[in-house]
Amino acid sequence: MNKKHRINPTIKLFYGVEGPNDKPKKGGGLPEDVFVSGDAKFPYVATTYRVSEHWQTGVLTRHLPWMQELMPQQFVEISKELAAEKGVKNGDKINVSSARGKVWAIAMVTDRFKPFKIMNSTVHQVGLPWCFGWQYPEDGSGGDSSNLLTPTIGDANTMIPETKAFMVNVEKA
Amino acid sequence: MTRKALLISPEACIGCRGCQIACKEWNQLPATKTINKGTVENPPDLNANLYNKIRYVELPSEANMVRWLFVSQRCMHCEDAGCMKICPAPGALYKTKEGAVAFNKDKCIGCKLCAAGCPFNVPRFDEKDKISKCHLCSDRITEGLSPACAKTCPTGAIQYGDRDGIISDSKKPGYEKLYGQADLGGLGVLYAFKDAPKLYGLDEKPAIPESIVFWHNVLKPLAYIGLGGAVAASLLHYVAFGPKKDEEVKKDE
Amino acid sequence: MSNMVRKASVFEILNHWSLAVSFFILTVSGFGFLYHIEGVGSIFGGFNQMKTIHNWAGVVFSVSLFFTLFSYIVEALSISGDDIAWIFKGGGYFSKKTVVPPQGKLNTGQKLYYLTVLIAGIAITATGLVIWLRPEMADIRKWILLSHLVHNISFVFMVIAIPLHIYLATLANPGTVRIMFYGTVPVEWARKRHPKWVQKIGA
């Protein structure tokens with residue numbers, strides 16, 4: 001890999017900045033979206049997904065008490081190893097933050113997530129759904145959408161927003 | 001009427017919990033307010049408005065393999081049902097002709113003894129202390145329909161049919177362990193397991209508590225025999241020895 | 001009447017009636033529950049109501065039982081050699097010729113009966129309360145099962161002891177049952193059956 005490339009050179013940058021010191025253009029996002037990828041402040045890989053109980057962002061299904069009963073709150077799945085490192089217990093409320101934003105989520109400490117070994121360093125991954133957020137439940141007990149964390153860039157192949165791999169930090173709330 | 005049963009195959013379950021909701025829909029049960037407690041499993045336990053719950057069992061992983069089992073937890077519709085044995089109110093719990101253990105809230109007196117008699121810890125109680133549990137959709141199956149959970153299951157992890165047919169169907173390679181074929185006179189909810197039942201969170205040998213069996217077989221008759229015996233002994237004594245008339249009582253002088 | 005002696009106070013009489021009536025209600029409803037007797041349920045206005053009546057009759061029974069402590073417990077626990085001799089002679093109930101040792105206010109049989117009813121009554125009350133109120137505690141299911149068992153064992157003791165008590169107080173010993181109504185007995189009657197007591201009160 002070319003060391004000059006801090007990011008995938010083929011991704012779609014919606015705001016058209018070339019370097020970290022460029023001013024963003026109208027309608028675009030912040031350079032941090034892209035260029036903090038390797039920032040030590042955000043050491044963990046995050047991914048997002050749906051849950052079968054809610055449809056898309058859940059604005060329709062979160063009004064259904066039966067669905068809400070099954071899947072009431074934003075959660076983040078983290079490995080047992082990362083949880084031990086951060087002193088997080090299953091069911092704790094934790095903050096997940098990226099260069100763009102911050103959401104709280106309930107920690108789901110699980111074997112389903114495992115740290116990777118990449119070039120002799122351990123890389124932790126976390127995952128959180130984006131079926132929560134705006135408006136309902138009205139008391140705010142559901143939490144916010146993980147879309148607040150994702151960078152405004154397009155996937156290299158499909159150009160759809162890259163929501164499946166980005167960098168975050170995780171800490172106890 | 002042949003006995004009907006459900007066959008549940010946790011390995012075929014994808015954990016969508018459609019059955020949990022279909023059950024609520026058919027039985028018109030309201031949702032409860034829940035929170036996430038660090039597991040997908042919700043609500044945390046069966047309750048008066050939840051007759052069927054998927055329990056999520058995450059087994060310790062070996063070499064990155066995670067085994068996540070989804071096991072339906074509900075009334076097992078035992079042939080020899082502990083709840084029915086201990087229940088003091090006639091008609092509160094009854095067997096339908098399909099073999100389901102159904103309940104009648106009007107007849108239930110809210111003593112909650114069935115909860116102690118159940119080997120699977122299933123009965124729950126509503127705000128009036130009346131029993132609430134799975135009744136195998138007794139109102140559907142009498143009309144020849146399958147229970148709501150089996151009807152909605154997209155993968156066939158919950159199957160409904162004649163109990164004998166289900167037992168022979170379940171003998172597939174890899175599913176040698178059929179849970180509930182003989183226990184408690186044969187359960188109305190059978191499980192096709194690949195491993196020991198303990199792994200799926202079920203007792204290897206479920207049984208009605210011994211004290212209830214003892215009570216049912218010994219103490220219950222003894223109450224009648226005791227009362228009858230005491231009365232009979234009194235009459236016998238009256239006839240044989242007669243009363244201790246005042247003039248007959250000897251003074252110890 | 002000068003030849004009468006008071007054996008039971010008015011309070012004791014009323015308390016005994018309360019015990020007797022509540023026990024009768026409890027036993028009848030208990031058998032209704034035990035054997036699913038629909039007719040018994042109908043008498044009480046359905047099983048739901050029968051449960052309520054059973055529970056509150058139990059409260060009456062246990063309160064009355066508590067008050068009996070003041071009347072009988074001291075007497076019931078004062079055991080002497082005469083009591084043992086009384087037992088060996090079968091209380092004089094199995095022969096007209098037997099002379100039983102002199103007895104106090106309660107004879108040995110009455111003492112034993114009282115202790116049986118007291119212990120079974122305490123057990124049946126405590127276990128009944130556990131089943132009824134289901135206190136918040138760990139392993140409540142096991143406690144309920146144990147209570148259910150003890151409740152029924154006590155019940156068996158009760159349904160054996162109480163018919164015998166009724167028989168002995170009525171048919172078997174003429175003149176006894178009047179205590180339940182008047183509380184008094186003829187001195188002569190008392191002198192024959194409870195000589196130690198008569199001596200003690202100096203009648």
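This is a predicted model: local features need pLDDT of at least 70, side-chain atom pairs count only at pLDDT 80 or more; totals for chains, interfaces and linings use all residues.

Biologist: Which side chain does B:D45 meet in a salt bridge?
Modeller: The general idea is that side chains of opposite charge can pair when their charged atoms come close. Here B:D45 pairs with B:R124, at 3.1 Å from N to O. The two are 79 residues apart, with B:R124 in strand β6 of chain B and B:D45 in the loop between α1 and β2 of chain B. B:R124 is buried, with a relative accessible area of 13%.

Biologist: What does B:E41 form a salt bridge with?
Modeller: With B:K53, and their closest N and O atoms are 2.6 Å apart. B:E41 sits in the loop between α1 and β2 of chain B and B:K53 in strand β2, so the pair ties together parts 12 residues apart in sequence. B:E41 counts as buried at 14% relative accessibility, and B:K53 counts as buried at 1%.

Biologist: And in chain C, where do C:D83 and C:K111 lie?
Modeller: Those two side chains meet in a salt bridge, 3.0 Å from N to O. C:D83 is in helix α4 of chain C and C:K111 in helix α5, so the pair ties together parts that are 28 residues apart in sequence. C:D83 is buried at 4% relative accessible area, and C:K111 counts as buried at 7%.

Biologist: Let's turn to pockets. How much space lies in the second largest pocket?
Modeller: The idea is that rolling a probe the size of a water molecule over the atoms shows where empty space is left. In this pocket that space is about 870 Å³. Its lining has 41 residues, and C:F33, C:H54, C:N55, C:I131 and C:H151 lie nearest the centre. The lining divides into 21 nonpolar, 14 polar and 6 charged residues.

Biologist: Last one: which residues make the nonpolar surface patch?
Modeller: B:F214, B:V218, B:L222, B:Y224, B:I225, C:I153 and C:F157 make it, over about 620 Å². Helix α7 of chain B and α6 of chain C each give two or more residues, and α7(B) gives the most, with 5. B:V218, in that helix α7 of chain B, is partly exposed at 35% relative accessible area.

Methods:
Residues are numbered from 1 along each chain as its sequence is written. Chains are lettered from A and ligands numbered from 1 in the order in which they are written. Side-chain values use heavy atoms; hydrogens and water are left out. Patches are made of residues with over 30% relative accessible area and no salt bridge: like charges are joined within 9 Å, nonpolar side chains (Val, Leu, Ile, Met, Phe, Trp, Tyr) within 5 Å. Accessible areas come from the Shrake-Rupley method with a 1.4 Å probe; for residues, only the protein chains shown count as cover. A salt bridge is a side-chain nitrogen of Lys or Arg within 4 Å of a carboxyl oxygen of Asp or Glu. Helices (H or I, at least four residues) and strands (E, at least two) are DSSP runs, numbered from the N terminus. Buried means under 20% relative accessible area, exposed over 50%, partly exposed in between (1.4 Å probe, protein chains only). On a 1 Å grid over the protein atoms alone, a cavity is a set of points where a 1.4 Å probe fits but cannot get out, and a pocket is an open set with protein on both sides within 12 Å along at least five of seven lines; lining residues have an atom within 4 Å of a point. Grid points are joined across faces, edges and corners, and a volume is the space filled by probe spheres set on the points. Ala, Val, Leu, Ile, Met, Phe, Trp, Tyr, Cys and Pro count as nonpolar, Asp, Glu, Lys and Arg as charged, and the others, Gly among them, as polar.
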